Amino acid sequence: PPASPLFDIKKFTVSGDMRVRPEVRSQTDFGTQTRGTQPGTNDFFVQQWMRLGLNYALSPDVDVFFQPQYAKNYGAGNNTGVGPGCGATICANDPFQSGTGDSLFVRQAFIMVRNVGVQGLDLKLGRQLVVMGNHRLFGHFDWANTGFSHDGITFQYNQPKWEFWGGWLRPMETDFNMGASGVNNANASSFGVVPPGVNQTNNGGWGDSDLYFARLAFKPVAGLAIEPLWVWQNNKARTAGQNAVSPHANGQSRHTVGARVGYRQGIFDGTFEAYRQFGTASSFNPNSAGGLGDNAMDLRIKAMALAAEGGLTFKDMPWSPRVGLEFNYASGDGDANCTSTTTCNGTAGTFENLYPTNHIVMGYADVMGWRNMVAYSGSLQMIPFDNKANHLEFRYWNFRRASTGDNWYRAAQNVYFSAGNAGAVTNRAAHLADEIDVIYTLFFKGGKVAWQTGFSYLMAGSFLDNVAVANNGAGSKAIDQTWGYTQIHVNF
């Protein structure tokens with residue numbers, strides 16, 4: 001260790017995490033692509049990350065934390081341009097494109113200062129994770145190989161029955177390709193050089209998206225938590241090939257207001273969340289002379305989403321079963337794929353999912369995001385063998401579109417299937433798929449090691465049958481999809 005008398009080894013701590021996960025997926029396109037001309041859409045790959053956390057306590061109220069991460073994706077499909085949601089270099093078989101970013105990067109790097117002039121007022125400066133409630137709008141997205149981090153300044157004021165949290169953030173877009181579509185290093189540069197693909201004309205204001213937020217959480221009575229939230233996403237970056245429904249779209253000023261309410265008493269637990277979005281957005285970013293440009297702000301944002309879930313836990317029964325029901329809704333837009341104000345009708349109605357962990361709230365197979373969707377779910381969770389160190393879950397989902405003129409968006413928020421995936425005519429079928437999940441988790445070695453395995457079976461709906469007919473002729477049917485994984489997670 002350093003020889004400086006300012007350094008005290010007793011104030012220095014080291015933590016770490018490592019996860020290795022093989023995944024296998026069949027029929028990523030549900031068998032809807034033109035048969036005989038496309039390669040297979042089955043895939044097998046291994047995702048791995050390793051993190052090292054370094055913390056030094058300068059004083060009881062001041063901590064410095066640094067967490068580098070190594071992330072790699074081995075063997076993901078690279079059928080260029082094949083299948084729904086494919087990018088230029090990697091197919092949708094890896095839905096979060098987790099292997100496309102830098103292998104080594106900084107996940108967290110911040111200074112934490114507590115009791116800044118006032119008891120209970122804490123300040124965090126630097127690269128940090130932002131997690132709220134059930135991860136529906138903000139989460140660390142650890143399921144993806146890279147996840148979400150934000151650069152900025154946040155402050156939190158804690159009192160016994162309430163707390164306030166707010167700040168200014170920038171998604172860490174300029175450093176590496178994060179694990180979700182639309183969050184990459186193509187739309188900004190830290191060296192002041194206009195990056196490739198950026199409109200050179202009237203280019204003032206391009207760069208990362210700014211996020212401002214304020215969240216209040218209070219508990220008026222035992223078991224009840226109320227959490228109102230306001231978020232302003234001000235993104236004036238200029239990147240080619242985007243429109244109003246691109247994830248974290250350029251050329252928008254979007255406000256999200258709403259609240260989360262949670263209640264737990266006795267055998268019952270429940271959560272309700274509802275949000276409204278308003279502001280202005282750009283209909284199309286053609287990156288060419290004569291186009292509207294991504295800062296046209298020609299659309300009025302009118303979107304909303306809500307989620308309601310509840311369950312009963314019977315702790316006195318063997319295996320302590322919990323039975324749950326859930327409903328999710330997020331608005332869509334009948335002109336989602338418009339290219340001008342003529343076809344956009346002046347509004348943008350697709351809900352923006354922000355920076356969530358959709359994997360844990362929208363189905364484990366990762367085919368659904370909180371955008372243009374209606375979903376019904378039922379679940380059964382248990383602790384088998386009267387052993388608190390394991391968990392078994394069964395879940396059923398029914399996925400539908402809220403607007404049949406809008407696309408199907410997967411968990412990474414990119415378009416999985418376009419609304420026009422049924423020939424020249426818009427596919428008006430609402431039913432997307434049904435999903436059955438089985439997940440088992442076992443903790444051992446004092447909770448320092450966790451093994452988890454899961455399997456999902458997705459039954460194709462009428463929307464996918466229409467796509468199959470459009471691509472392969474009358475009488476064609478979509479093919480059901482399967483997905484499975486097993487993973488080991490070690491932490492110290």
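Which ring does the charged end of Arg19 sit over? The charged end of Arg19 sits over the ring of Trp143, 5.9 Å from its centre, where "over" asks for NZ of Lys or CZ of Arg within 6 Å of the ring centre and within 35 degrees of the ring normal. This is a predicted model, so local features need pLDDT of at least 70 and side-chain atom pairs 80 or more, while totals for chains, interfaces and linings use all residues. Residues are numbered from 1 along each chain as its sequence is written, and side-chain values use heavy atoms, without hydrogens and water.

**Strands**
- The protein has two helices and 23 strands, which are DSSP runs (H or I, at least four residues; E, at least two) numbered from the N terminus.
- Strand 15 (residues 322-330) pairs with strand 14 (residues 299-313) in the antiparallel sense over nine bridges; pairing takes at least two DSSP bridges.
- Along strand 15 the side chains alternate: Arg322 and Glu326 are among those on the buried face, while Val323 and Phe327 are among those pointing to the other.
- Buried means under 20% relative accessible area, exposed over 50%, and partly exposed in between (1.4 Å probe, protein chains only).

**Aromatic rings**
- There are 27 aromatic pairs, meaning rings of Phe, Tyr and Trp (its six-membered ring) with centres within 6.5 Å; planes under 30 degrees apart are stacked, over 60 edge-to-face and the rest tilted.
- Phe141 and Phe148 form a tilted pair because their centres are 5.0 Å apart and their planes at 40°.
- Tyr275 and Trp370 pair edge-to-face, 6.3 Å centre to centre with 90° between the planes, and both are buried.
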